[in-house]
Each structure stands twice: as C-alpha cells, then as structure tokens.
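Work through the exercises below with the sequence and the 3D structure open. Try each task before reading its solution.

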Amino acid sequence: MQFHLNGFRPGDPDIRAAAPGAHDRTNGLPKTVDVLIAGCGPAGLCLAAQLAGVPSIRTMIVEPKAGPMEKGQADGINVRSMEMFQAFGFAEKVKRESVWINEATFWTPGSDGGITRVGQVQDVPEGISEMPHVLLNQARVHDMFLDVMKNAPTRLVPDYGLKVADLTIDPDATEYPVTVTLEHTAPGRDGQTETVRANYVVGCDGARSNVRRAIGGALHGDAAHHAWGVIDMLAVTDFPDWRMKAFVRSQAECTLMVLPREGGHLVRLYVELDRLGEDERVADRRMDENTIIDKAQRIFAPYQLDVKETVWWSIYEVGHRLTDKFDDVPHDQIATRAPRVMLAGDACHTHSPKAGQGMNVSMGDTFNLGWKLISVLTGRSEASLLHSYSSERLAAAKGLVDFDHKWSRVVGEKTETEKTAGLPKVAREFVNNLPFTCGLTVEYAPSALTSADARQDLATGFDIGMRFHSAPVIRLADAKPMHLGHCVDADARWRLFAFAGAADTGAEGGAIAALCRYLDSDPASPVLRHTPQGADLDSVIDLRAVFQQGFRELAFGSMPALVRPATGIYALTDYEKVFCADHSSDQDIFAMRGINRQTGCLVVMRPDQHVAHILPLDDFAGLSAFFAGILRSAN
C-alpha cells in the first residue's frame, strides 16, 4: 500500500481524499447514474467496492432492508476469495477475526448404535494457496466492503429501504437507456415509487430477482424436495469435534455438518430434516428452530448437546437452478447489441450450501464484472467487452451447479458401500474435490481476454485462464519478503510480470531492459497506445520485474526507468515494482511456477487476477496485438 504520494496526509491511509461530487442525498435520489446495483449482498457489495474507487463513475446501490446485515446467511470463505480480499486490502483483517478451518472430520454410524469418527483430513492442501480457508459471519464481510466504499473517493453508501420493482430498456438509446422503477420499503413510505435512469443495471437481488424477471430471465433446474435447517448457536457439548469442520451421519437420523465459527464459541450446524412432497414447501411443515435442535440432538447421540442460545436459524429447500444467460441481450443480437442489464449471484444461480460456495461464487461473478464495467465506462474498452461476462461466468456457475448435484448426493447417502485407504466415500470425495471447494478450478476459455496462443511451456505453473498462483519474492528496494500476488490491487489495471532470464540483471543489453525500452518509447507500445494523455504510465498496464538473483546481487538504481518510474505531483520514485527470487528458503518462484530459467517470460494478468497470456520477453508484436484486441487507443 502506497500513500503520501502527493504530499503528507496524516490519519488513516485507507481513507482516500473525497472526490468532487461524492455521494450526497441532500437533494434526494439522483435522476441518472452510470451503474445501479440492486442488492447489498456479497455480489452487489463486491461490485460497488470496485466502482466506488473511480470518481468519474456514478454508482448507486439499493437494498430493500432498513440497514446492513447483522447476522446469518453464508459464512464460508474459500482461499480464492481470500486472495481476492487481499486485493481489496482487508484479507489480514479477515484472517484475524475468522476461524481457520484446518481439518475436516467424518463420523458414521458405529456398531453400538451411536456415531464414530472414521476419518480426518487436511482441509486445504499444502501449496495450493498462501491463504487459509476461513469461516466468518457474512455480515462482517459486508462491513468490510462497506468500509472500502465509504472510504473511497466517491464515499459510496447504500440507499437502504429501496428495491428495484421493474425496469425497461430502450435498446436504441445511447445515454441512460435503462429506466428503473424503485419502490420504497421503509415504514411510512412503503409502496411509493421513484424513477432513476441508468447506463447499466446489475441485479444482485437474489433468487426471486425482480431484475431477472424484468429482462425475461428465469431459473431452470430442479429442487431436491428436501428440507435442511441451519442454525448458529452457543452450546455446551461433549462431542469431541465441536471446533472442527465435521460431517456426521447417523444410522436413523440422517446427516448434519458442524462448522465452528469465529470467536471461539459460536458454532453453526447444517441439519438434514425431512423429505418434502412433490408440491410441498418448507412453510407447509411449520418447522422451527426446535425442529433443528431436536434433530441435531438425535444425530449426535450418545453425545449431549445443550443449546444455551440460538443466534440465528433458517430452514430452506435445496435447489439447483441456473439461468440460461447472465445479461439482457438475446442470443441472436449479440453481434449488434451490448449488454445493459446483467445478473450476479443468486439472481442467476442457486444451489445447496453444503460445499460452502454461495458467497464465494457470487463475489467471483462481480469481481469478473467490475473491471469490465470500469473499462467500458472510462473509455478504455468497447461496450462489447461486457459480452464476456455472461460467457465466462455462466460456465463457472454451471460447473458449480453440476458439482453441487453430485456432492449433495454424496453427503446425503445413507449407506457406506466402500472404503479406500481407510476413508469412507464422503471423506474420499471431499479430498478429491478440494481444489474445487477452494475456488481454484475456475478456468476461462480462450477468447480475446485469454489468449489461445499463450506459451504455457515458458511458465507451466501459471495456468492460462486460471487464477494467478502467487509465490514468495523479495522486493529489491527494501528487501521485504512478500507474495508477488500481493502487489495487485482491485483497481481494474492489467499487470505484466516480466520474469528475467538467468543472466539478466536489468542492465542494458538484457531482455528486461529491451522490454522496458519498447514499452516506454516505441509508438506500437501497448502502454503508450492505451494510456490516456497526462496519466501515469502504469494507470492502465502495470509492469513488474522479477529477477533470479538474490536482492544483494542487484542494484535498484541500475534498473530501467519504467520499473522505477516517477509518479505524482512531486515526481517521486516508485520503489515497489522490482522483485527477486527468495533464496532464503525452498521457495524460489522460478522453480515453484515452472518458469524457464534460461529465457524468462512475460506473464499477463487480467484485472481479476486470472492469467491472460504468456509470451517470450521479446514478443513485442504479440503483446501489442493482444491488448489491441481488448483496449481502445487512448489517442
């Protein structure tokens, strides 16, 4: 994190200077906005936190509830989301507040009629990420996004007590083509409506989405006709794994999952209740928190469960549903019309909570969408870029729904048919599926954003289309040990990581110097072509260099000017763009990520942290052509 760039500013560096026209409701709701977000769930807030950092984008986010969430709903945060939180600046805070899930245990019916532990496995495989899998109240995740928003230059805060009731789209209009009818939900104003016109609308308004209905969308799929209860409690028990993630199946009373929660005492249970009839709904059974507790006590027997306080509970039906498209453009009009309304989160995919993916995949939706909206609204890219959102995230959501179908059946199985290496089937499947549940299997298909011509052989550990797998490095200027991926902020910029060949020290005559010279001065340079006049050279495409030598063997002052640029009103030097391999332990990034030591390579990272391209360091034409297919010329 860098600050004091344009002069010393005391106080909290996370609170950025307010921009002219920052969020203000003294004169009522705005008549027009660039982006209107429906819903303050994790998808909506993840998007709003990105847009809030761009003063030129006018964003509005509405929520029918009277204020921020306080408790309940999702709690699982997988390692991929933690990597994303790092880019927003609050991963360390989440680590401190949350409970870390290190092990998972598995219990099945015992020979005495009770339950017995039959397996215990590591929850996050070694080396898969520098981040842990954690559990934390969804409301606290909301709070952290809300802090990012209110501390951003736009000072964005939600408009509570409002919901999107309806919208219409004028496909021929070029300015504010979406007319949104907002309905007040606050007592005394409920039912009153107001109209706002928007350039873009994003529906993050849940499974019963009014935004989805307004564009003619629907959720397709099936319901499992099975009721599950979820309950957060403070309790006294002699169950041995009360602070472990545990899957418990009894012979006569079905299945539950134990999820320890933050603070050392709170625990969540997911409890399998009753099968429902074909046309039956949960409400028809009149089940309540006592139904959940009674069932849990029977499953845990002979262990005791004495519930002292119920913090939150809900009973829901498991369903697996997916929309056929995440935006408003019919398939036969994609070539002639760009999206204006998009869907995210439960508005376009629903599934069970058994794999802990709901909040994570929803945030993944809008982490994908945020930088694309910023690129279009700031003029960096054509509006057609937004078509990639539906195609990329629909594939990710389909993978989730398909996985959840299979995993739900495994968790709910009543009999154990086979064991391998001493593990029951549910434990074995859990281990096999860990990369998926960690959120690390999303792979974007080849497109303008993910090159089909990438030289994967030059860096075998950075998989094309998948998230950039960070590794330890040493920052040259101050010898700080850190993870390379932690230099990336959620700021819609592209990253170039130039990994130097074995003999390259950054001096003239080497490949890094030649690359910097091309990017800094050649008219064909994508940095020069796509950076607005007067803006810092790294404001659109940010170059970082990584060398194989130890930090004591290189001189920062000898590095090319492009990786030690002068920035801000005082032309201060940026000291944070050059790194070295970490030789202090067995964590050399070149070895860990299969980077060709002889030639090095150039890895292109998308703003959402996915690997977009890998090229030889001297493939200037290929680099220029790649960005020309995504970004507009700034001149």
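**Exercise 1.** Which residue in E7 does Ile77 stand opposite?

Solution. The model is predicted, so local features need pLDDT of at least 70 and side-chain atom pairs count only at pLDDT 80 or more, while totals for chains, interfaces and linings use all residues. Residues are numbered from 1 along each chain as its sequence is written, and side-chain values use heavy atoms, with hydrogens and water left out.
Step 1: Find strand E7 at residues 134-135; strands (E, at least two residues) and helices (H or I, at least four) are DSSP runs numbered from the N terminus.
Step 2: E3 pairs with E7 in the antiparallel sense over 2 bridges; strands pair if DSSP finds at least two bridges between them.
Step 3: The residue of E7 opposite Ile77 is Val134.

**Exercise 2.** Describe the aromatic pair of Phe239 and Phe300.

Solution. 
Step 1: A pair of aromatic rings is described by the distance of the centres and the angle of the planes. Rings of Phe, Tyr and Trp (its six-membered ring) pair if their centres lie within 6.5 Å; planes under 30 degrees apart count as stacked, over 60 as edge-to-face and the rest as tilted.
Step 2: The structure holds 25 aromatic pairs. In the pair of Phe239 and Phe300, the centres are 4.8 Å apart with 50° between the planes, which makes the pair tilted.
Step 3: Phe239 is in the loop between strand E12 (220-237) and strand E13 (245-249), and Phe300, 61 residues away, is in helix H7 (residues 289-300).
Step 4: Phe239 has a relative accessible area of 3% and Phe300 one of 0%. Both count as buried because buried means under 20% relative accessible area, with exposed over 50% and partly exposed in between (1.4 Å probe, protein chains only).

**Exercise 3.** Is Lys95 buried or exposed, and which residues does Lys95 touch?

Solution. 
Step 1: Locate Lys95 in helix H3 (residues 91-97).
Step 2: Lys95 counts as buried, because its relative accessibility is 18%.
Step 3: Leaving out residues up to four places away in sequence, Lys95 touches Met82, Trp100, Met131 and Pro132; contact means heavy atoms within 4.5 Å.
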